[in-house]
Amino acid sequence: MASSTVRPGGRNQDESDERDVARRLLASSEQLSYDPVVEVDWTTPLDKDFHGASPEWSTLYATAYWREMTEAQRKELTRQEAASVASTGIWFEMILQQMVLRDIYAKDATDPRFQWALTEIADECRHSVMFARGAQKLGAPPYRPRRLAVELGRVFKTVAFGEAAYAAILVAEEVLDVMQRDWMRDDRVVPFVRTINNIHVVEESRHMKFARDETRKRLRRAGPVRRHIHAVVIAIASYVIVTSMVNRDVYANAGLDPERARAEAKANEHHKSQMRSSCAGLMEFLASARLLTRPALYFYRRAHLV
């Protein structure tokens, strides 16, 4: 009878390592998680002397229009932009939850990987409610992605699997993580938004660890054709996510000339540089996973991520 021992680095060892990672994530979640209902100050009225996000992250920062705006207009714009980013976060978190649920459907519920996936979904549910209440408190209307983005998201959440699903999750989380780390430390940002950002950064750090590990794991089973196809799928999803973050209506809702504002935002090299810098670590990871193919790079460049 053949021995059941599996060589180091074999499938059994890989699964054991993955379970260990899941156990550590579960332990971290037990030790450091937040209840936004309790942690965030929802009762104090909005103080309009604060920004909604660090001004340097505004789509109009460093433009001629920005220089002409009053300080009150700048603060209102950053509040509308922060609310739009939060609303986009809700949209993608709903996609994420459905993909993760589909991935673990009918699997071993005693496996720590299964339990961590449910924990992540629970986190995302709380985050979505937190973002919704935060956007409402910022005095913003319900921002929604364009119809095309919504329908593409509907298709993606239904058909994406493996590394395509988890790498796209990683893209959305990494981009938000970098900007929110700036916002949560910025005294110019309204305090309740800083608290929201801190909660999201702490809890999403676990989600990003999970998404990176899952992407690597799924790629071990991917041949060159699948890898190239999924590289493009991930890049397209990234493009749709990033270009949906700031709704085109934020400018009118901030009392600005929407046509001029959109034109200057589109040409704003400072904001493009901010986006590229926020994605440096992400692009390094995708390159190490051999997911930065030439066709994929086309979409990342269009989204100003490289």
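## Close-up views of a predicted model

View 1. Val-178 is a residue of helix 7; helices here are DSSP runs of H or I with at least four residues, numbered from the N terminus. This is a predicted model, in which local features need pLDDT of at least 70 and side-chain atom pairs count only at pLDDT 80 or more, while totals for chains, interfaces and linings use all residues. Residues are numbered from 1 along each chain as its sequence is written, and side-chain values use heavy atoms, with hydrogens and water left out. Because its relative accessibility is 25%, Val-178 counts as partly exposed (buried is under 20% relative accessible area, exposed is over 50%, and partly exposed is in between, with a 1.4 Å probe and protein chains only). Apart from neighbours within four places in sequence, Val-178 is in contact with Trp-57 and Ser-278, where contact means heavy atoms within 4.5 Å. Val-190 is 12 residues away from Val-178 along the chain, and their C-alpha atoms are separated by 18 Å.

**View 2. Ala-165, another residue of helix 7.** Ala-165 has 5% relative accessibility and therefore counts as buried. Its contacts, leaving aside neighbours within four places in sequence, are Met-99, Phe-156 and Ala-160.

**View 3. Helix 9 packed with helix 14.** Two packed helices are described by the angle between their axes and the distance between the axes. Helix 9 (residues 224-243) and helix 14 (residues 294-302) have axes 8 Å apart, at an angle of about 10 degrees. The axes are lines fitted to C-alpha atoms, for helices over the stretch in contact, and angles run from 0 to 180 degrees between N-to-C directions. The two helices, helix 9 and helix 14, are therefore roughly parallel (under 35 degrees is roughly parallel, over 145 roughly antiparallel, 65 to 115 roughly perpendicular, and the rest oblique). From helix 9, the residues Ala-231, Val-232, Ile-234, Ala-235, Ile-236, Ser-238 and Tyr-239 meet Pro-295, Ala-296, Phe-299, Tyr-300 and Arg-302 of helix 14. By class, this contact of helix 9 with helix 14 has 10 nonpolar, one polar and one charged residues; Ala, Val, Leu, Ile, Met, Phe, Trp, Tyr, Cys and Pro count as nonpolar, Asp, Glu, Lys and Arg as charged, and the others, Gly among them, as polar.

**View 4. The buried residues of helix 12.** In helix 12 (residues 269-278), the buried residues are His-271, Lys-272, Gln-274, Met-275 and Ser-278. They lie on the same side of helix 12, because they cover an arc of only 155 degrees around the axis; the arc is that of the directions from the helix axis to the C-beta atoms. Helix 7 (162-185), helix 9, helix 11 (258-266) and helix 13 (280-288) are among the elements that cover these buried residues of helix 12. At the start of helix 12, Asn-268 has a side-chain oxygen that reaches to within 3.0 Å of the backbone nitrogen of His-270.

**View 5. Helix 13 and the residue Arg-290 just after it.** Leu-282, Met-283, Phe-285 and Leu-286 are the buried residues of helix 13. Seen down the axis of helix 13, they fall within an arc of 160 degrees and so line one face of the helix. Glu-284 and Ser-288, on the other side of helix 13, are exposed. The cover over the buried residues of helix 13 includes helix 7, helix 8 (191-219) and helix 14. Arg-290 lies in the loop between helix 13 and helix 14 and has a positive phi of about 60 degrees. Most residues other than glycine have a negative phi. At 56% relative accessibility, Arg-290 counts as exposed.

**View 6. Asn-247 in the loop between helix 9 and helix 10 (250-253).** Asn-247 has 13% relative accessibility and therefore counts as buried. The side chain of Asn-247 reaches the backbone nitrogen of Asp-249 at 2.8 Å. Beyond neighbours within four places in sequence, Asn-247 is in contact with Ser-84, Tyr-143 and Arg-144. Arg-144 is in the loop between helix 5 (112-137) and helix 6 (147-159), and at 59% relative accessibility Arg-144 counts as exposed.

How values were computed
Polar contact = N/O pair within 3.5 Å; in protein donor to acceptor, adjacent residues only side chain to side chain.
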